[in-house]
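Dear colleague,

I am handing over the structure below, and after it you will find some notes on what turned up. Please keep the model open beside you while you read.

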Amino acid sequence: MTETVDQIFVIFKHWIVMHVPAPWQTLVSLLVSVLPILAVFPGLFAITTILERKGLGRIQNRYGPNRVGPWGILQPLADGVKALIKEDIVPRSADKLVHFLAPLVIVMAAFLAYSVLPFGRNMVLTNLDAGVLFYFAVSSLTELGVFMAGWSSRNKYSLLGAMRAIAQMISYEMPLILSAVPVLMVAGTLSTVSIVEQQTAHTAGIAHWNVFTPWGFAGFILFMISSLAETNRSPFDLPEGESEIIAGYYIEYSGFKFALFFLGEYLGMFAISGLAITLFLGGWSAPFAFLSWIPSYVWFFAKLLMMIMGFIWIRGTMPRLRMDQLMNFAWKFMLPMALLNLVNTGLWRFLPTGITRWIVCSLVVGIPYVLLGRGLMHGKKLENRVYSFAE
Amino acid sequence: MLGEGIIKGLSETARNFLGSFVSKERLTTVQFPEERLPRAESSRNFPFLVFDGDDWQQGLRCVSCQICEKECPPQCIHIVKSKDKKMDAAGKPQFYPEVFDIDVSVCMSCQICVEVCPFDAIKMDNEFELSTEDRFGGLLFNKQQLAKSNTYYHQIHPLEAAQVDAALAEERAKAEAKAKAAAEAKAKAAATAASGGAAEK
């Protein structure tokens with residue numbers, strides 16, 4: 001019974017494909033796999049926008065949107081209708097073709113990334129041998145879309161935003177990939193499906209998730225920080241910077257193209273959360289053996305929602321960084337830590353199992369963390385600002 | 001250590017997030033159309049014409065002196081003076097405005113009309129929900145729309161209205177006393193003149 005519930009979507013897909021004439025089977029099989037992704041994740045985007053606005057409101061002791069529908073839950077619908085019926089303005093001096101293509105590139109890149117994420121047991125669009133590599137290749141297309149948008153708008157703000165975005169995304173791509181490499185070293189494969197399968201084993205009821213090891217924990221933190229920067233989320237939302245450069249690279253977009261940018265941004269966030277779940281949080285597997293009766297896709301989406309909550313929480317907490325702080329953090333902290341974590345993973349692999357391995361590996365990341373943190377703060381005094389005229 | 005501040009900040013926001021569900025005092029937002037705060041006495045938005053008694057046409061204090069029309073900086077007041085005179089509240093024959101229009105969309109809420117009015121006939125209202133579907137006719141208020149009772153004035157600006165009423169009553173009493181004194185003096189003069197004339201004869 002548990003098995004059937006777990007595999008219900010897979011069984012359903014096979015059933016549909018079976019009832020289709022043989023020459024059409026490949027196409028139908030593809031459509032049946034792709035369409036749910038095209039439906040579920042934009043739906044999740046709609047839910048996330050309202051959750052985010054509500055959550056941020058609560059963090060700031062406000063109610064958040066509560067006018068459309070009961071408790072404002074129909075707000076995304078109203079926003080969608082608004083985006084659709086707004087005028088689509090293209091600046092006269094804009095590069096029309098590129099201006100048109102930029103939002104499409106961003107959304108397509110975001111959607112492509114889902115093709116290698118396993119959403120449940122046997123639920124993956126393509127089990128590529130180089131799945132993780134494919135993911136990073138595709139997700140870096142977003143940078144192209146961002147720069148296309150910034151450049152083609154022919155606006156100073158959008159170009160500034162695009163330049164910031166390129167600088168930020170390229171700087172953080174390195175720690176992002178380097179923090180994912182330890183997982184690949186241990187797993188010995190680039191296939192997302194096998195990476196998850198290796199994490200499903202249990203010892204004493206606790207799953208072998210990579211995040212439950214010193215290198216995995218450090219890698220997870222580094223990966224999440226870089227993914228914040230990759231997806232332009234607060235506190236790394238410099239490319240948008242509402243208060244400085246108004247909306248950054250998509251300042252000249254209106255109507256549905258603007259909505260597409262938003263969609264692309266959130267889809268990118270879900271995708272990178274999905275990859276983090278795949279690499280570090282055991283994909284669709286349960287954390288404890290006694291919970292494995294819960295279907296695999298429920299676990300995946302529960303973890304995804306937790307990650308989204310984390311993103312919202314961080315957005316509600318931290319102010320935007322300055323460009324130099326951003327770069328210092330990337331090159332003086334993230335990159336050395338990611339490289340050290342590689343060494344640490346090697347140590348973990350070759351040291352004999354036991355408590356010593358835990359202590360050594362924890363120290364190898366812990367001590368540099370403290371020292372590098374001090375280095376970052378070097379010469380900077382953090383104190384309460386004293387105002388001479390206010391108050 | 002690096003990250004301490006972030007942990008502190010995250011716990012602070014978590015406290016606010018959870019606290020907003022627990023304690024109502026945290027949520028200071030007034031849910032406007034359903035909940036309303038009482039408006040401050042000094043709040044003002046748009047002038048109205050005060051009338052005494054119950055009949056707005058009879059009790060209108062305005063005597064159509066047109067000072068407010070001349071003083072209005074954005075020139076949003078339009079008055080047509082009457083040809084005949086009507087009895088005012090004090091029982092004195094006065095002119096009255098045949099037409100008194102104010103364009104809400106032009107009015108800048110400066111209160112100069114109120115300052116210059118010698119009859120306390122125009123005062124500031126604090127009604128602010130003035131939106132309408134017709135942006136020309138709907139925003140041009142005529143005499144009837146502008147006329148509001150003294151009771152209403154007492155409701156929105158209790159202190160100020162009481163002062164105005166006291167001042168008006170005092171003035172009226174003074175005028176009455178003066179009239180009385182004048183009448184007495186006249187009567188006396190008439191009496192002396194009559195007696196003097198009689199003595200001479």
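**Where the two chains meet**

In this predicted model, the area buried between chain B and chain A is about 1700 Å², and carbon and sulfur atoms give 64% of it. Three leucines, B:Leu2, B:Leu10 and B:Leu27, supply 34% of the area that chain B buries against chain A, which is more than any other three residues supply. The contact takes 18 residues from chain A and 20 residues from chain B. Across this interface the rule finds one salt bridge, and B:Glu34 forms a salt bridge with A:Arg67, with the closest N and O atoms 3.2 Å apart. Eight residue pairs in polar contact are also found across the interface of chain B and chain A, with both residues at pLDDT 80 or more.

**A surface patch on chain A**

A nonpolar surface patch of about 620 Å² is made by A:Ile355, A:Trp358, A:Ile359, A:Leu363, A:Ile367 and A:Leu371. One of these residues, A:Ile359, has its place in helix 15, which covers residues 355–377 of chain A, and A:Ile359 is partly exposed because its relative accessible area of 47% falls between the limits of 20% and 50%.

**Backbone details in loops**

A cis peptide bond, with omega about 5°, joins A:Ser234 and A:Pro235, and A:Pro235 is placed in the loop between helix 10 and helix 11 of chain A. A:Asn61 has a positive phi, near 55°, although this residue is not glycine, and A:Asn61 lies in the loop between helix 3 and helix 4 of chain A.

Technical notes: Residues numbered from 1 in each chain as written. Chains lettered and ligands numbered in written order. Predicted model: local features only at pLDDT ≥ 70, side-chain atom pairs only at ≥ 80, totals over all residues. Heavy atoms only, no water. Patch = residues over 30% accessible without salt bridge, like charges linked within 9 Å, V, L, I, M, F, W, Y side chains within 5 Å. Areas by Shrake-Rupley, 256 points an atom, 1.4 Å probe, with all protein chains shown as cover. Salt bridge = Lys/Arg side-chain N within 4 Å of Asp/Glu carboxyl O. Helix = DSSP H or I, 4+ residues; strand = E, 2+ residues; numbered from the N terminus. Buried < 20%, exposed > 50% of the residue type's maximum accessible area, 1.4 Å probe, protein only. Contact = heavy atoms within 4.5 Å. Buried area = accessible area lost by both parts, 1.4 Å probe. Polar contact = N/O pair within 3.5 Å; in protein donor to acceptor, adjacent residues only side chain to side chain.
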